[in-house]
Amino acid sequence: MSNSKKVYSAFLVLVATWCAGIVLAPLLVSSEPRISSLLYSFYAPICHQIDGRSLHADGAKLAVCARCSGIYFSFLVSLLIYPALQRLASPAIPNRWWLSIALLPMAVDVVLNVMGIHPSSIVTRTFTGICFGAVLPFYLLPPLVEAVTQLQTRLHLRGGLLYARKAQQI
Amino acid sequence: MLEKPNKFRVALISGVVIGAVSGIPGISLINCCCCAGVWLGGLMAMYLYKQQFAEGMAPMESSDALILGLMSGVVGAFVATLTSVFILLVFGPVEAEFVKSIFEKVVERMAESGSVPSDLVDQLKDQLDQSIRDSARVSGIFGSLFITLILYPIFAILGALLGYAIFRPKAPPQTTQPQ
């Protein structure tokens, strides 16, 4: 397995686990209340978790709000289809303007809501979150793969130097 | 070729910013949007790091973003916890009371609309009071530090990688050898 595939797989597992936690929190409310409560506490520092602004599963709110859910789940889906759209080893990062365009609907939704022009709803929050989350892997995965490869190379070089020094001492 | 700039100073500055943003009541609400304060801290770290590069230095690499994000996140988690403890000791549970007031309003509105039974409202209020009491305990503070030590480095790394994608040096144009 190539290095880029290993990094991709590890990242995918991490993101999938993250998203699983979001869904498991409401699903475990009745059967495993302690685990469910722990999961809600874990996600609490990163989301307001307001019931009226969250998607629900099995009658309880997800561990994060609708906008955050949109971001994380679209991130996961985008990451899943990533290899079909771009080579994993490719260091190419899209133009930063695409990131701004993806962020624009969310900014417009928030601004219109704050100004009282158009109230944001669950649908707009989820949709704008999806727009942003879907493009993020294309900006994050290439530098992540590159970074891990660089660090591994440095560690191998250091290991090789240490081995050579020890060999010289013997 | 000159050595790259020191990461520690940048990590310390961005870590303090992350900690202050996350620890000061009111401002910390920015983290309610997918840890935006921590993301922005990682992004800021990469911007500051880029500013320190001078001509003749080795170029900025993505591994720098990874390390810088990790360092900023760890510093940020400690600073945020220390800030929260300081505010808790000096002003009392200001943030918890603020969240409680919002929560009570939401729950009461839900009870009025009939979506939540009245006995559950009391139960929820008791749970919130309990969690406020827990957050002021030493175990609550360490629990919070433990969670932030996991979350902040992750989001700061993501912010720094995003920062690298935005601020990375442009690849030099490929020159073709004359035949």
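**Reading helices, contacts and burial in a predicted model**

Q: Where does Pro33(A) lie?

A: Pro33(A) is part of helix α2 of chain A, residues 33-43. Helices (H or I, at least four residues) and strands (E, at least two) are DSSP runs, numbered from the N terminus. This is a predicted model, in which local features need pLDDT of at least 70, side-chain atom pairs count only at pLDDT 80 or more, and totals for chains, interfaces and linings use all residues. Residues are numbered from 1 along each chain as its sequence is written, while chains are lettered from A and ligands numbered from 1 in the order in which they are written.

Q: Is Pro33(A) buried or exposed?

A: A residue is buried if 20 or more other C-beta atoms, placed from the backbone, lie within 10 Å of its own, exposed if 12 or fewer, and partly exposed in between. Pro33(A) is exposed, because 10 other C-beta atoms lie within 10 Å. In chain B, 32% of the 179 residues count as buried.

Q: Which pattern does chain B follow along the sequence?

A: The pattern is α-α-α-α-α-α, with 6 helices and 0 strands in chain B.

Q: At what angle do α1 and α3 of chain B pack?

A: Two packed helices are described by the angle between their axes and the distance between the axes. Axes are lines fitted to C-alpha atoms, for helices over the stretch in contact, and angles run from 0 to 180 degrees between N-to-C directions. Helix α1 (residues 7-23) and helix α3 (residues 62-91) of chain B pack at about 40°, their axes being 6 Å apart. Therefore α1(B) is oblique to α3(B), where angles under 35 degrees count as roughly parallel, over 145 as roughly antiparallel, 65 to 115 as roughly perpendicular and the rest as oblique. The residues of this contact comprise 14 nonpolar, 9 polar and 2 charged. Here Ala, Val, Leu, Ile, Met, Phe, Trp, Tyr, Cys and Pro count as nonpolar, Asp, Glu, Lys and Arg as charged, and the others, Gly among them, as polar.

Q: How many residues does each chain give to the contact between chain B and chain A?

A: Two residues are in contact if their C-beta atoms, placed from the backbone, lie within 7 Å. Chain B gives 19 residues and chain A gives 19 residues. On the side of chain B, α3 and α6 (138-167) are the elements that give two or more residues. The largest share, 9 residues, comes from α6(B). By class, that side has 14 nonpolar, 4 polar and 1 charged residues.
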